[in-house]
Amino acid sequence: MADSALPLRPYGWLTSLAAARAFVGHVAAHPAVVARWPDPARPDRSLLAGLEVTDGRGRRSAASYIGRHAIALPVRYRMRWVALHECAHVIARALHGAEPGYAPHGAEFAGAYLALCGLVLGPDAHSRLAAAFRAEAVRVR
Ligand SMILES: [Zn+2]
């Protein structure tokens with residue numbers, strides 16, 4: 001999908017499960033995402049390739065699954081920033097999840113989330129998130 005065809009209001013709602021899946025598919029295939037986080041088994045695609053997006057039915061919040069290449073986006077969490085947050089969990093866990101002291105919302109996650117926001121949503125989103133992280137003393141790696 002060409003970038004120009006994307007609905008890139010960064011903080012807007014993904015209005016359906018299909019829209020959420022299309023957004024995550026775009027993120028997974030984004031050339032900058034492939035270049036930054038290639039799948040070691042298939043470097044022509046990203047670690048997010050093939051990521052399943054479930055409707056999150058019965059869940060209280062959005063989530064990324066452990067042991068399953070999937071994220072859950074219940075209706076009230078279908079926003080671009082939430083989808084990117086869950087994608088960042090997938091990336092951070094794949095790259096650092098086996099390291100001692102790894103924390104799900106630790107510096108590795110924050111670094112992936114910040115970079116993902118910059119690559120996918122653009123410099124304004126990156127700057128705003130970086131400022132929020134600085135204000136809250138969030139460590140980024
Ligand atoms: Zn989280």
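Analyst: Welcome! Helices (H or I, at least four residues) and strands (E, at least two) are DSSP runs, numbered from the N terminus. This is a predicted model, in which local features need pLDDT of at least 70 and side-chain atom pairs count only at pLDDT 80 or more, while totals for chains, interfaces and linings use all residues. Residues are numbered from 1 along each chain as its sequence is written.

User: How confident is the predictor in the protein chain?

Analyst: The score to read is pLDDT, the predictor's confidence in each residue, from 0 to 100. Its average over the protein chain is 91, and 92% of the residues score at least 70. Over residues 1-8, however, pLDDT stays under 50. For that stretch the model has three contacts beyond four places in sequence, where a contact means two C-beta atoms, placed from the backbone, within 7 Å.

User: What makes the protein chain as compact as a globular protein of its length?

Analyst: First, the layout: there are five helices and five strands, in the order α-α-β-β-β-β-β-α-α-α along the sequence. The radius of gyration of the protein chain is 14 Å, close to the 14 Å that the globule rule gives for 141 residues, so the chain is as compact as a globular protein of that length. That radius is taken over C-alpha atoms, and the rule is 2.2 Å times the number of residues to the power 0.38.

User: Why is V34 called partly exposed?

Analyst: A residue is buried if 20 or more other C-beta atoms lie within 10 Å of its own, exposed if 12 or fewer, and partly exposed in between, with C-beta atoms placed from the backbone. V34 has 19 C-beta neighbours inside 10 Å, so it counts as partly exposed. V34 belongs to helix 2 and touches R45 and S46, leaving aside residues up to four places away in sequence.

User: Which residues of helix 1 are buried, and what covers them?

Analyst: In helix 1, the buried ones are A20, F23, V24, V27 and A28. They sit on the same side of helix 1, because they cover an arc of only 135° around the axis; the arc is that of the directions from the helix axis to the C-beta atoms. Their cover includes helix 2 (31-36), strand 2 (42-46) and helix 3 (80-96).

User: How do you know that strand 3 pairs with strand 5?

Analyst: Two strands pair if DSSP finds at least two bridges between them. Three bridges join strand 3 to strand 5 (residues 70-72), and the two run parallel. There, V53 stands opposite I71 in strand 5. They belong to an open sheet of three strands with the order 3-5-4 and mixed pairing.

User: Why are strand 3 and strand 4 called edge strands?

Analyst: Strand 3 and strand 4 (63-64) each pair on one side only.

User: And what links strand 1 to strand 2?

Analyst: A hairpin does, through two residues. Strand 1 (residues 38-39) and strand 2 run antiparallel and are joined by two bridges, with P38 opposite S46 in strand 2.
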